[in-house]
Amino acid sequence: MESRTIRFSRRGELVSLTNVPPERTLLQVLREDLGATGTKEGCGEGDCGACTVVIAEPDQGRLRYRAINACIRLAHSIDGMALWTVEDLAGSDGALHPAQEAMVQAHGSQCGFCTPGFVMSLFGMYQNHVLRGATVTRELAQEELSGNLCRCTGYRPILDAAQSMAALPRIEQDEQAILRQLEALHAQRASEGVRGASAYLAPLGLPELLRLRAAHPQAQLVAGCTDVGLWVTKMHQQFGQVLDVTQVQELQRIAHDEQHLTIGAAATLTSASEALAAQWPQLAAFFQRFAGLPVRNAGTLGGNVANGSPIGDSMPLLIALGARVVLLSVRGERELPLEQFYTGYRQNVLAGDEVVGWIKVPRTGSPHPGALPQAGEGEEFLRAYKISKRYDDDISAVCLAIRMRLRDGVVEEIGIGAGGVAATPARAVQAEAALRGQPWTAQAARRAAAALGAEFRPISDMRASAAYRAEVLANLVQRFWLETQGHADVNLESFRLAEAALP
Ligand SMILES: Cc1cc2nc3c(=O)[nH]c(=O)nc-3n(C[C@H](O)[C@H](O)[C@H](O)COP(=O)(O)OP(=O)(O)OC[C@H]3O[C@@H](n4cnc5c(N)ncnc54)[C@H](O)[C@@H]3O)c2cc1C
Ligand code: FES
Ligand code: FES
């Protein structure tokens, strides 16, 4: 296979790398090929944030910055982007960037492994929020640092640092110069096209992606690599050829019409969750608990869906919402309900020449998001619950999403999606049947919980026992019942440690 040149912008200079194997990670290239050892390796699986770097791409005439994990990112995927590591922040005279200076002043710098990662997440926050005039609240700081773990429990000074960056003298990147550089790189790539013999195929357009998929069905399809990256770092897999969907413009788009929110498979989890939470604001807290920010900034909705993990978080919600998945190939397209996409544990109906193209989510409920339903619209409730051992950056033991529309107290429409209870993400058909057309009462909720228990046989594993999962499922239906009755304080988001402290 032919080698392909990787070109990206760093410190305002163009970096060009050749002979990089397709599965080589960005962290390996930084540390071993470029000698940039400031970026650290902790876990090698996207959990700890020691390897955090920031990438940027043009977006409507500006740069869009994203903190990502270099350890599970394939180096080729940053071709055409701008990159900052912890070594790229201080000025040529040694003056510290506000992300670094704030850490010094707040005594936030602790061990040498985590600190570079924390600084890069602060840098991402600085570019996306501070320079755009937003106030960094404690909540925002926690959210932006959700992918950085510190084992010495020193979060408080780091959060203080996040909140004090804005008071320091401003430092801005030369965005216009970087944009010009990236536009020139893009034009060069577009004119060169993609050579089918290349070991890393990264098409820019949909027709080219589909043609390459048909011609190279053996190539490893990748998106954000937040799953595939672990096959490389933990299972030492090597790929003869990789086909990367993330730069396909058509698949990055999110479109709204009267009926649907159509999310391109290559839209990042950050963008997809923002679009879904704009339609259903009550989902914002659920999405904050999906991995940590760097994983959401890299991973895609299409990758989450295609990966089909039974403990994946987006699928139960999408199933409850009645989402359909659109599969594309050179032969045309086909569309099916999401739950019918899965045929077994991490198996699906995709043919060798197909890719997941779009996820179509019906825009149910009030046409005025966040507002009360209008007369004649019925009453709609939507909740998604994630049960995991940690609040941030953890995988679900159980995930349950319920969408219910009531008319005159009777269940008119019901969608229930469940994760962690079967070999695939699943629709709770029996529980739905137990509720449809019935008055919504405490007794009906108990019947639905019993139907859920009869319908699924969860397994025991390191995350939870089968008995715990079964009990939690029933409890979540009870929580949903209480929330539909106006009890808003039966969830983790409204839990306050201080209030719960013993007198
Ligand atoms: C630290 C960490 C925490 C995580 N936490 C969570 C969590 O809380 N909840 C959760 O659900 N997941 C979690 N994940 C899993 C992961 O983030 C998701 O599964 C992710 O959405 C996968 O998307 P990706 O773009 O990275 O896909 P990739 O890793 O690139 O690909 C995954 C699979 O999907 C296939 N694929 C990708 N795109 C397409 C396409 N367009 N068409 C066909 N096939 C395709 C690939 O071939 C591959 O088989 C976590 C991962 C990490 C590392
Ligand atoms: S090394 Fe831990 S997230 Fe990358
Ligand atoms: S900063 Fe590394 S363990 Fe706390």
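Between which two helices is the loop in which Ala291 lies?

Reply: This is a predicted model, in which local features need pLDDT of at least 70 and side-chain atom pairs count only at pLDDT 80 or more, while totals for chains, interfaces and linings use all residues. Residues are numbered from 1 along each chain as its sequence is written, chains are lettered from A and ligands numbered from 1 in the order in which they are written, and side-chain values use heavy atoms, with hydrogens and water left out.

Ala291 sits in the loop between helix 11 (284-288) and helix 12 (293-298). Helices (H or I, at least four residues) and strands (E, at least two) are DSSP runs, numbered from the N terminus. Most residues other than glycine have a negative phi. Ala291 has a positive phi, near 50 degrees. Its relative accessible area is 14%, so Ala291 is buried. Buried means under 20% relative accessible area, exposed over 50%, and partly exposed in between (1.4 Å probe, protein chains only).

Arg346 also has a positive phi, about 50 degrees, and is not a glycine. It belongs to the loop between strand 13 (342-344) and strand 14 (347-348). With a relative accessible area of 36%, Arg346 is partly exposed.

A further positive phi, near 50 degrees, is that of Arg11, in the hairpin of strand 1 and strand 2, which has 2 residues between the strands. Strand 1 (residues 6-10) pairs with strand 2 (residues 13-17) in the antiparallel sense over 5 bridges; two strands pair if DSSP finds at least two bridges between them. Ile6 is opposite Leu17 of strand 2. In a regular strand the side chains alternate between the two faces of the sheet. In strand 1, Ile6, Phe8 and Arg10 are on one side, Arg7 and Ser9 are on the other, and all are buried.

Strand 11 (residues 324-329) has 5 of its 6 residues buried. A hairpin of 2 residues leads from strand 11 to strand 12, and the two pair in the antiparallel sense over 6 bridges. Strand 11 also pairs with strand 15, in the antiparallel sense over 5 bridges. Val325 stands opposite Leu336 in strand 12 and opposite Ile359 in strand 15.

Helix 3 (residues 114-130) is largely enclosed by the rest of the structure, because 16 of its 17 residues are buried.

Around it are 35 residues, of which Leu221, Thr226, Asp227, Thr300 and Asp313 come nearest; a residue is near a molecule if one of its heavy atoms lies within 4 Å of it. The shell residues divide into 18 nonpolar, 10 polar and 7 charged. Here Ala, Val, Leu, Ile, Met, Phe, Trp, Tyr, Cys and Pro count as nonpolar, Asp, Glu, Lys and Arg as charged, and the others, Gly among them, as polar. An oxygen atom of ligand 1 is 2.7 Å from a polar backbone atom of Ala223, and an oxygen atom of ligand 1 is 2.8 Å from a backbone N or O atom of Gly224. Helix 13 gives the largest share of the shell, 4 residues.

How values were computed. A polar contact is a pair of N or O atoms within 3.5 Å; within protein, one must be able to donate a hydrogen and the other to accept it, and residues adjacent in sequence count only if both atoms are side-chain atoms.
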